[in-house]
Amino acid sequence: MKYIEEFNDPERAGRLLDEIRAKVTRPWALMEVCGGQTHSIIRHGIDQLLPEEVELIHGPGCPVCVTPLEVIDKALEIAARPGVVFCSFGDMLRVPGTDRDLFRVKGEGGDVRVVYSPLDALDIARRNPDRQVVFFAIGFETTAPANAMAVHQARRLGLDNFSLLVSHVRVPPAIEAIMAAPGCRVQGFLAAGHVCSVMGTAEYPDLAEKHRVPVVVTGFEPLDILEGVRRAVHQLERGEHRVENAYPRAVREQGNPAALRMIEEVFEVADRNWRGIGRIPASGWRLSDAFRAYDAEHRFDVSGIRTEEPAVCRAGEVLQGLIKPTECEAFGTACTPRTPLGATMVSSEGACAAYYLYRRMNAPAPRGSVPQEEMNPVG
């Protein structure tokens, strides 16, 4: 399959690994921003195939994982109300709130539905004028255009029974927060290609210059990630800190102008809480004044919810790249995909879920001596 099989070629992967080994002369720590990249890295054992000088740190790039607990609880409160149809992508249904999740609300009689697009939820609102239909609008910049389009269409169609519960977050402010945090070890970034396909790369040069870190935009297949690592290591070894686009088949410097116009019309930049991390200035979007009538949080008056994370869960440290999932005492015991304590274990892009799914059940072993049963070779 074009653009898939050729980026899973073991021979080309071996050549890239040889190039990285030939370049590296000292330890470097790189952070992959996106949870999809994390899953690809763990699935294919890329972190274990790299030379021991190159460490990959897993970043906070899972939108489900960083959705704040108080927003989850607001979703649960709204979904349980009579006359409400609550629509969400499937990976949100098992994310634990304070005392339940959306699956439990559904089991208790709430009308909770899995949809594949916010426009599906809009169609439900059109066909059910006597019901309030709410779509759980989470995600990074990637999902913002479709969510903006749904609200735009609702206003055009005159649908007053449709609203969004918004928890959108933005990547560049998160990178700024990571680099400013005490004890940060990150020396370079593999930026998320799908985010940059929407937003372009204009926000990254200032970050690269300010913090003197290379930022390499990469895709999600094994060769994409290895090429990103190769370029980042090359820059670090030469003392450079530039933005490079290693994903040109999907990313342009200017991004997607039509999508950017839609986001600008419907949303405005706002401070946002990140689960496990805290409040990051200008790191999210909310509906602009012109579309505030479609804000479910205001429509259903669910402000003022107070929450507290389970003390044993260290998902916040995982999201900040401070520990690997296996360093959490609850990993694989009290916290499993069937009994998740945090969103990083239940999300399809969560780092804890990746480690559990691909049998990384023990503390990290020295690279170069990886048991065969724990590896998934590239390709």
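Two residues are in contact, or touch, when they have heavy atoms within 4.5 Å of each other. Keep that in mind as you click around this predicted model.

**Stop 1**

Select Val-198, which you will find in helix α10, residues 193–199. Is Val-198 buried or exposed? Its relative accessibility is 9%, and a residue under 20% is called buried, so Val-198 counts as buried. Now show what surrounds Val-198. Setting aside residues up to four places away in sequence, Val-198 touches Glu-141, Thr-142 and Pro-145, and also Gly-255, Asn-256, Ala-259, Leu-260 and Ile-263. Next, draw a distance line from the C-alpha of Val-198 to the C-alpha of Val-251: the two residues are 53 residues apart in sequence and 7.9 Å apart in space.

**Stop 1: the whole chain**

Zoom out and switch to a cartoon view. The protein chain has 17 helices and eleven strands. How compact is the chain? Its radius of gyration is 21 Å, close to the 21 Å that the globule rule gives for 379 residues, so the chain is as compact as a globular protein of that length. Along the principal axes, the C-alpha atoms fill a box of roughly 65 × 45 × 45 Å.

Charged side chains are another thing to colour, with 43 positive and 51 negative ones in the chain. The centres of these two sets lie 2 Å apart.

What share of the contacts with a separation of 6 or more joins residues 24 or more positions apart? Such pairs account for 78% of those contacts.

**Stop 2: the nonpolar cores**

Select Phe-86, Phe-162 and Phe-189 together. They belong to the largest nonpolar core, which has 86 residues, and these three touch the most other members. Apart from this core lies another one, of 36 residues, including Val-54, Ala-232, Cys-328 and Met-345.

Go back to Phe-189 and show its contacts. Leaving out residues up to four places away in sequence, Phe-189 touches Met-31, Val-33, Ile-175, Ile-178 and Met-179, as well as Val-213, Pro-214, Val-215 and Val-216.

**Stop 4**

Select residues 69–79, which make up helix α5. How many of its eleven residues are buried? Ten of them are, and the helix is mostly covered. Among the buried residues are Leu-69, Val-71, Ile-72, Leu-76 and Ile-78, and so are Glu-70, Asp-73 and Lys-74.

Then move to helix α2, residues 35–44, and pick out Ser-40. With 7% relative accessibility, Ser-40 counts as buried. Beyond residues up to four places away in sequence, Ser-40 touches Ile-46, Phe-220, Glu-221, Pro-222 and Ile-225.

**Stop 3: two loops**

Select Ala-246, in the loop between β9 (243–245) and α13 (257–266). Ala-246 counts as buried, at 9% relative accessibility. Apart from neighbours within four places in sequence, Ala-246 is in contact with Val-216, Val-217, Glu-227 and Arg-231.

For another loop, go to Cys-184, between α9 (171–180) and β7 (188–192). At 27% relative accessibility, Cys-184 counts as partly exposed. Ile-178 and Met-179 are in contact with Cys-184, when neighbours within four places in sequence are left aside. Cys-184 and Gly-321 are 137 residues apart along the chain, and their C-alpha atoms are separated by 8.6 Å.

**Stop 4**

Ala-282 is not a glycine, yet it has a positive phi of about 55 degrees. Ala-282 counts as partly exposed, at 31% relative accessibility.

Finish at Asp-301, in the loop between α14 (296–299) and α15 (315–319). Asp-301 also has a positive phi, of about 50 degrees, although it is not a glycine. Is Asp-301 buried or exposed? Asp-301 is exposed, with a relative accessible area of 60%.

Methods. Residues are numbered from 1 along each chain as its sequence is written. This is a predicted model: local features need pLDDT of at least 70, side-chain atom pairs count only at pLDDT 80 or more; totals for chains, interfaces and linings use all residues. Side-chain values use heavy atoms; hydrogens and water are left out. Helices (H or I, at least four residues) and strands (E, at least two) are DSSP runs, numbered from the N terminus. The radius of gyration is taken over C-alpha atoms; the globule rule is 2.2 Å times the number of residues to the power 0.38. Lys and Arg count as positive and Asp and Glu as negative; His and the chain ends are not counted. The place of a charge is taken as NZ of Lys, CZ of Arg, CG of Asp or CD of Glu. A nonpolar core is a set of buried Ala, Val, Leu, Ile, Met, Phe, Trp, Tyr and Cys residues joined through side-chain atoms within 4.5 Å. Buried means under 20% relative accessible area, exposed over 50%, partly exposed in between (1.4 Å probe, protein chains only).
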